[in-house]
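Let us walk through this structure together, one place at a time. Please have the sequence and the 3D view open as you read.

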Amino acid sequence: MRTAYRVETVRAAEAALMARLPEGALMGRAAAGLAAACCSLLGKGRVYGARVVLLVGSGDNGGDALHAGARLARRGAGVTAVLLGERAHDGGLAALRAAGGRVVDSAADDPFEPLAAADLVLDGITGIGGRGGLRPAAVPVARAARGSDAVVVAVDLPSGVDADTGEIAGEVLRADVTVTFGTYKPALLVDPARSCAGALRLVDIGLGDELPGVPDLEALQHQDVARLLPVPDAGSDKYRRGVLGVVAGSARYPGAAVLTVEGALRGGAGAVRYVGAAADAVIARHPETLVHAGPPDKAGRVQAWVVGPGLGDEPGVAEVLASDVPVLVDADGLRGLDPALVRARSAPTLLTPHAGEAAALLGVARDEVEAGRLAAVRELSERYGATVLLKGSTTLVHGAGDPVRVNPTGTAWLATAGSGDVLSGLAGSLLAAGLRPLDAGSCAAYLHGLAARRVSEERGPVTAGEVAGALGGAWRDVTSGS
């Protein structure tokens, strides 16, 4: 599992570790890992004679870049440091000069000349302490670096992003690779900052024992999902595996019901009970579905409900929320949803909005949600007393008292009609199997994204039905190594 911590926590861990180490040892570890990553990016036998430019700010981030540059210079690289701050790390400057590196002060010299021929640029301008985008004086240099043919490597974090939130409030230097130290930072996992970080490389500097056991963010990997997924045994029957009730679809949107039911069946539900106006379409596609004319509380025993996809103005939301089993609310079920009604429930609730629906629930503009996804998912979870799965370029899942889960799978091709219906059915089936909402939502998002990635790699654009059809393969991929 990948974990991420806020700046305050990272700084406290670094301080505790530095108190036990010789002066400069921690920066030395970071610089060594950074230099090794740069060597691998330049390629075997290409360090000697390579042209490397360091963009150096005033903080320790610039010191990491300078010390790494000194290591590269000692291996024969031509290294130039462009100073962009009011000061620079004294020890790092001394090390670079001693190794034969060149230093350019952007206030007095031409900072663009070395960038024109650079093979690799190290972004050591701001790091985790930066707020509010790049300073105006650094913007032209950052643009020149990004416009060059060089590989841009961010030191710990791309300059210009907010480390704790992933928000971008100004100009940012987009990286091809980010080499981060000790632990991931939230911005490296959450858009919009994540899209500026490029490929991620984590350098172990010994912080592990100093970091708290509960991170601020976490991202599941294959083995984590495999551990959480339900596995039937010899004593299982359809009721023990979980029966999911689905209230979805309408005369106008029958396909939403079909896709939600398919997601549930592909997600391992022992049985699906369908209530709604699209019964004929559901039975035609999935004859194993148990259909009922309604209301939901007369449909038979279920272990969880999904309500909302394609529902339009059809009834059912209030009846389902009055039940005493876990409920997933999506799409039309979210319209005008009363926080008090959700908070009063005795059983867990999982809400699955996209950014537009989240904005409506919060009473803000969609752009505000997109720009501050972490803040939005946390506020929604608190306001509704529910677990919230916020869909989008970075899908986030959060319930009170737990770290925010960041989904690492997916593809932009998932932005297609009906894909959210498949996700709702899949997550609902995992709720019915007994997973808590945080686990059901994050495992469903993981498998859903993995399935879409499998299809898109084979044929490009995907449909929601194709994503549903690939869920079995994604499930096998995850569990085959467990």
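Asp-156 is buried, because its relative accessible area is 7% (buried means under 20% relative accessible area, exposed over 50%, and partly exposed in between, with a 1.4 Å probe and protein chains only). You can find Asp-156 in the loop that runs between strand 6 (151-155) and strand 7 (177-181); helices (H or I, at least four residues) and strands (E, at least two) are DSSP runs numbered from the N terminus. The side chain of Asp-156 makes a polar contact with the side chain of Thr-180, at 2.7 Å. A polar contact is a pair of N or O atoms within 3.5 Å; within protein, one must be able to donate a hydrogen and the other to accept it, and residues adjacent in sequence count only if both atoms are side-chain atoms. Setting aside neighbours within four places in sequence, Asp-156 is in contact (heavy atoms within 4.5 Å) with residues including Asn-61, Ile-128, Lys-185 and Leu-188.

A word on what you are looking at: this is a predicted model, in which local features need pLDDT of at least 70 and side-chain atom pairs count only at pLDDT 80 or more, while totals for chains, interfaces and linings use all residues. Residues are numbered from 1 along each chain as its sequence is written, and side-chain values use heavy atoms, with hydrogens and water left out.

Now step back to the whole protein. Its secondary structure comes to 19 helices and 18 strands. The C-alpha atoms fill a box of roughly 80 × 45 × 45 Å along the principal axes. Of the 482 residues, 55% are buried. Among contacts between residues at least 6 apart in sequence, 68% join residues at least 24 apart.

Next, visit Met-27, in helix 2 (residues 25-42). Is Met-27 buried or exposed? Met-27 is buried, because its relative accessible area is 14%. Met-27 and Asp-60 are 33 residues apart in sequence, and their C-alpha atoms are 8.1 Å apart in space. Not counting residues up to four places away in sequence, Met-27 touches Asp-60, Gly-63, Asp-64, His-67 and His-89.

For a contrast, turn to Val-214, in the loop between strand 8 (199-203) and strand 9 (217-219). Val-214 counts as exposed because its relative accessibility is 59%. Leaving out residues up to four places away in sequence, Val-214 touches Tyr-5 and Pro-403. From C-alpha to C-alpha, Val-214 and Asp-402 are 8.3 Å apart, although 188 residues separate them in sequence.

Another loop, between helix 10 (279-285) and strand 12 (290-292), holds His-286. His-286 is buried, because its relative accessible area is 8%. Beyond its neighbours within four places in sequence, His-286 is in contact with Val-258, Val-261, Glu-262 and Leu-265.

Our last stop is helix 13 (residues 355-362), where six of the eight residues are buried, so the helix is largely enclosed by the rest of the structure. Which residues of helix 13 are buried? They are Ala-355, Glu-357, Ala-358, Ala-359, Leu-361 and Leu-362. These buried residues pack against helix 14 (366-371), helix 15 (373-384) and strand 16 (387-390). Just after helix 13, Gly-363 takes a positive phi of about 70°.
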